[in-house]
Amino acid sequence: METPSIDIQNIRAKYNNAQDPYLLEEKLPTTDPFALFDIWFRDVASQSDLTFEEINAVSLSTVGKDLRPSSRMVLLKAYTPTGFSFFTNYTSRKGHQLEENPNAAMLFYWPKVNRQFLEDKKSELVEQAEREGHETISKPHSWGGFHLVPRYFEFWQGQSDRLHDRIVFERDTDIWLLKRLSP
Ligand SMILES: Cc1cc2nc3c(=O)[nH]c(=O)nc-3n(C[C@H](O)[C@H](O)[C@H](O)COP(=O)(O)O)c2cc1C
């Protein structure tokens, strides 16, 4: 393979942080991680041309019983105060892996706002109940929805000074514990 002409080591975009770095606890608009996700999603939507930017594209990681992780992009189709839904073929690799092991991780990256959002690999429950409601004529019978119920959220806000902001919400029975990881 030829040496790439692109100087990968020096690719470093400047983060010009137009947003308030409001992850600081005292500036957080809410302490409900679902509501905070909603605010972030609306923010990035308001700054995007949704006819060609798929801000709902999300990396989904799963691990089957062979313990080999795999990741791929899917399109988030809904989020509610309980979790995050996407659609797929239940007979696909991810479909089989989620059947064997309901734990999964979803990861969004929105470079436009220097933000990353992670719903970590602790999905409690994967429901197939939405299958009937969402089937369409053109989709095979095996096509349907998964609903991932998070136990862990991580919000990452890139800062122009590179002291990136990172906070975590972890569920403790029925309350969310907020923890700062950095700076
Ligand atoms: C931007 C983007 C969005 C995608 N959305 C979906 C989706 O919503 N559902 C889906 O099953 N596959 C989607 N795919 C295809 C998956 O990434 C993957 O190739 C396919 O589902 C097979 O994955 P698996 O073999 O790991 O199960 C998408 C791919 C891209 C690049």
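This is a predicted model: local features need pLDDT of at least 70, side-chain atom pairs count only at pLDDT 80 or more; totals for chains, interfaces and linings use all residues.

Reader: How are the buried residues of α1 arranged when seen down its axis?

Author: The residues buried in α1 are Pro 33, Phe 34, Leu 36, Phe 37, Trp 40, Phe 41 and Val 44. Seen down the axis of α1, these buried residues fall within an arc of 160°, so they line one face of the helix.

Reader: Which residues are exposed on the other side of α1?

Author: Exposed here means over 50% relative accessible area. On the other side of α1, the residues that are exposed are Arg 42 and Ser 46.

Reader: Which residue caps the N-terminal end of α1?

Author: The backbone nitrogen of Phe 34 has a side-chain oxygen 2.9 Å away. That oxygen caps the N-terminal end of α1 and belongs to Asp 32.

Reader: Which side chains place an N or O atom by an oxygen atom of the ligand?

Author: For Ser 92, a polar side-chain atom and an oxygen atom of the ligand lie 3.4 Å apart. For Thr 88, an N or O atom of the side chain is 2.6 Å from an oxygen atom of the ligand. The side chains in question are those of Ser 92 and Thr 88.

Reader: What share of the ligand does the protein bury?

Author: The ligand taken alone exposes 620 Å². Of that area, the protein buries 59%.

Reader: Which element gives the most residues to the shell around the ligand?

Author: Two or more residues of the shell come from each of β2 (69-79), β3 (84-89) and α2 (93-100). With four residues, the element that gives the most is β2.

Reader: How many residues of the shell are charged?

Author: The residues around the ligand include Glu 54, Arg 72, Arg 93 and Lys 94, along with others such as Met 73 and Trp 143. By class, the shell holds five nonpolar residues and two polar ones, and its charged residues number four.

Reader: Is Val 58 buried or exposed?

Author: Val 58 is found in strand β1, residues 57-63. Its C-alpha atom is separated by 8.2 Å from that of Arg 72, 14 residues apart along the chain. Buried means under 20% relative accessible area. Val 58 has a relative accessible area of 0%, so Val 58 is buried.

Terms used: Residues are numbered from 1 along each chain as its sequence is written. Side-chain values use heavy atoms; hydrogens and water are left out. A residue is near a molecule or strand if one of its heavy atoms lies within 4 Å of it. A polar contact is a pair of N or O atoms within 3.5 Å; within protein, one must be able to donate a hydrogen and the other to accept it, and residues adjacent in sequence count only if both atoms are side-chain atoms. Accessible areas come from the Shrake-Rupley method with a 1.4 Å probe; for residues, only the protein chains shown count as cover. Ala, Val, Leu, Ile, Met, Phe, Trp, Tyr, Cys and Pro count as nonpolar, Asp, Glu, Lys and Arg as charged, and the others, Gly among them, as polar. Buried means under 20% relative accessible area, exposed over 50%, partly exposed in between (1.4 Å probe, protein chains only). The arc is that of the directions from the helix axis to the C-beta atoms.
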